[in-house]
Structures are given as structure tokens and as C-alpha cells.
Amino acid sequence: MKKCKFCSQPAVILIPLNQMPLCKMHFISYIHDRVKKTINQYNLITSDDKVLVALSGGKDSQTLLTILHEIYNKDIQIEALYINVGVTPKNYSNDSYEVAKDLCEKLEIPLNMIDIKTELEFDIDTVHKLGLLQKGGKHRKKGGRFRGECSYCGLFKRYFINKFAVLNKFTKVATGHNLTDEATQLMGNFFNVDMELMSRAGPTTMTEVQGLITRIKPLYFIYEQEIVMYAYYAKIHHLSTECEYATDSPSGNIKKSMLKIEEFRRGTMFYMVKKFQERLKPTLFGTISEEKKAEKKCIICGMGTYMETCAFCRTKKRLQELILTNTKLRNVDD
Ligand code: Q46
Ligand code: ZN
Ligand code: ZN
């Protein structure tokens, strides 16, 4: 193995972007520097911010919280929030919470928790059962494509994280999205020619919509592979069990293709995402109608949205109706 570029220690990694060999110590400080650079360049965090970190127990968010703690220690207010989405197979949700709790105790960062079953009277296990019952029913999109558990789960998590941040006066919500996922998502939106979603990509949300707290992604320029290595060398405990409801999504296949391209064209993801931010995003954002950029409050829940009724309230209503219909059907069968 090569020697570290900055000392005589053996290198433990070749940085994917530039193949620079680094030892464990210099790799860890190199990642800190790159995260700091992203934070400063995009003005993600300022000294008067109160930051809420969305913690899931997975490698990305556990790494994010650790790095933010390293960079800021107690200089800014940081708290974490875990959303219990109610996935019981493999004890997934409970184990995730325990892992998140351990890290917060170690770093002495307050951990908050929201249980979506308490909030909604149903959870992702319920959605899964409904999906099985509703095969071919309304629950599916036109064309028979199943709107899987993850899309509901993601929507609920985003909603409750934002709501908690609004109610508790956080100024930023930090998530652990990494470069590999962001490049994949950007490519997926490009394939769908979804200009609106593309215009919203980036290390921070661009618009100031009332009731929608600014979201920041400090790991935006860190490859997933680097996060895996960082978590390993920094000894960050994270849940490695995969959620039972995770499926081979179309984006999973795009990700595999992006990783292949990266193999023979080093830096593709990094430069694609970076140049998109600098060159295309400002132009794209200008093409989004003023109506879609306007500040709105959901007429049902009062949270910030780009539409009259937010996606959460619409989805919640639809699922409640489905649960009721299925309960009635089961009662008739009984
Ligand atoms: S918990 Fe929820 Fe993930 Fe399970 S249902 Fe999908 S999104 S895979 S991070
Ligand atoms: Zn070194
Ligand atoms: Zn709403």
C-alpha cells in the first residue's frame, strides 16, 4: 500500500475524486475539511443557527452528527430528532432508535423522538399491510406501479421533521444525504425531465417558504464510499440491518449505473453535481413559475407547502380512507 500524502504512515484509502493516498488520521481530518468547505461555501450554518439533525441510525446521519459535533462542539445549538416510523420486521425501528440514542449519549447531544403511530394512529407496518390488501386497487398509481412503503415513509419523515423544527424554533434541518445519492437523484430527475425537482436540488433549499425550515446537506460533496470508510475508521456505530421494506427501486438501478460510470470516468458524480449547482440551477430556478415558488400554508395543517393542501395531508386522508374501507370489508367478511 502507498504511503500517506502528508506523513509516513501507510495509506488506508485512495480518495475517489483524486486518488490521493491518506492514512487514517489524515483521511478523517480531510473529510472534516471538505464538510467545512461545503458549509462555508454555501453558507449552510452560521453562529446563531439552531440546527436539528435528522437521525435515523444509518451510516449517513450518524456520520453527519459526529462530524458536526467535531466541527462545532458546543459553539452552536445542535439537537437530533429520530422518527419512529414503525417498521417491526427484524426489529428495525427499535434497533435504529437504540443506535441513534447511543451516539447522542456519547456526544451529549439531546435526542428527540416522534412516534408516527402516536401521531397518525397508523405506521409503515400498516401501510405495508394495506399495500398487500390493495393489490391492483386504488393504492396503486395508474399503470399499476406500486407506490411503495418508502415513498410514504419518506413523506412522513420529512413532514414530522419539519413540523418539529417549526414548533421548536430550529433555524436549519440537517440531513445526511451524500454525493452518490444526490447525483443519482439528479440523474433520475433529468431522465424524467422534472425541471421543478431539479431546480430544488442542492446542498440547501433555495426558497424561503414560510413554515418550511431551510434544509441543509453538509455531506453533499462526500461520496457514499467515503462515508462508509469514515464511519469505519472513526468507529461510528450504525445500524447495518436493511429495512424489510427496502426494494429494488428504479433509483437503485440508476445508482448502480452511476457507480459504473464513475469507475471509468473518475469524478463524474462530483463534477456533475458541482457544475449543476454553479451553471444550471440558477437558470432552471428562473423557469419555475412564480406560483410554485410562492409562500403558502397548507389549508388543513398550516405547515409550509407549494400547494393549497400539503402532500402529507392529502396522503394521510387517502390512507385513512383505505384503512376504514378495509376494516369495513373485514368486518363484513367476519
Ligand atoms: S425505513 Fe422507510 Fe427506509 Fe424502510 S420503509 Fe423505506 S424509507 S427502507 S431509510
Ligand atoms: Zn498521514
Ligand atoms: Zn398539511
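A residue counts as buried if 20 or more other C-beta atoms lie within 10 Å of its own, as exposed if 12 or fewer do, and as partly exposed in between, with C-beta atoms placed from the backbone. By this criterion G176 is buried, because 23 other C-beta atoms lie within 10 Å. The model is predicted: local features need pLDDT of at least 70, side-chain atom pairs count only at pLDDT 80 or more, and totals for chains, interfaces and linings use all residues. Residues are numbered from 1 along each chain as its sequence is written, while chains are lettered from A and ligands numbered from 1 in the order in which they are written.

**Overall fold**
- The protein chain has 13 helices and nine strands (DSSP runs numbered from the N terminus: helices are H or I of at least four residues, strands E of at least two).
- Of the 334 residues in the protein chain, 33% are buried.
- Contacts (C-beta atoms, placed from the backbone, within 7 Å) between residues at least 6 apart in sequence join residues at least 24 apart in 72% of cases.

**Annotated positions**
- An unreviewed UniProt entry gives the annotation "binding site" to A54, L55, S56, D60, I83, G176 and D181; the positions follow the numbering used here, feature names are shortened, and annotations may be inferred rather than shown by experiment.

**A54**
- Strand β3 (residues 50-54) contains A54.
- A54 is buried, since 25 other C-beta atoms lie within 10 Å.
- Beyond its neighbours within four places in sequence, A54 contacts S61, L81, I161, V173 and T175.

**G176**
- G176 is situated in the loop between β6 (172-174) and α7 (179-191).
- Apart from neighbours within four places in sequence, the contacts of G176 are D60, S61, T63, L64 and L219.

Definitions and conventions. Two residues are in contact if their C-beta atoms, placed from the backbone, lie within 7 Å.
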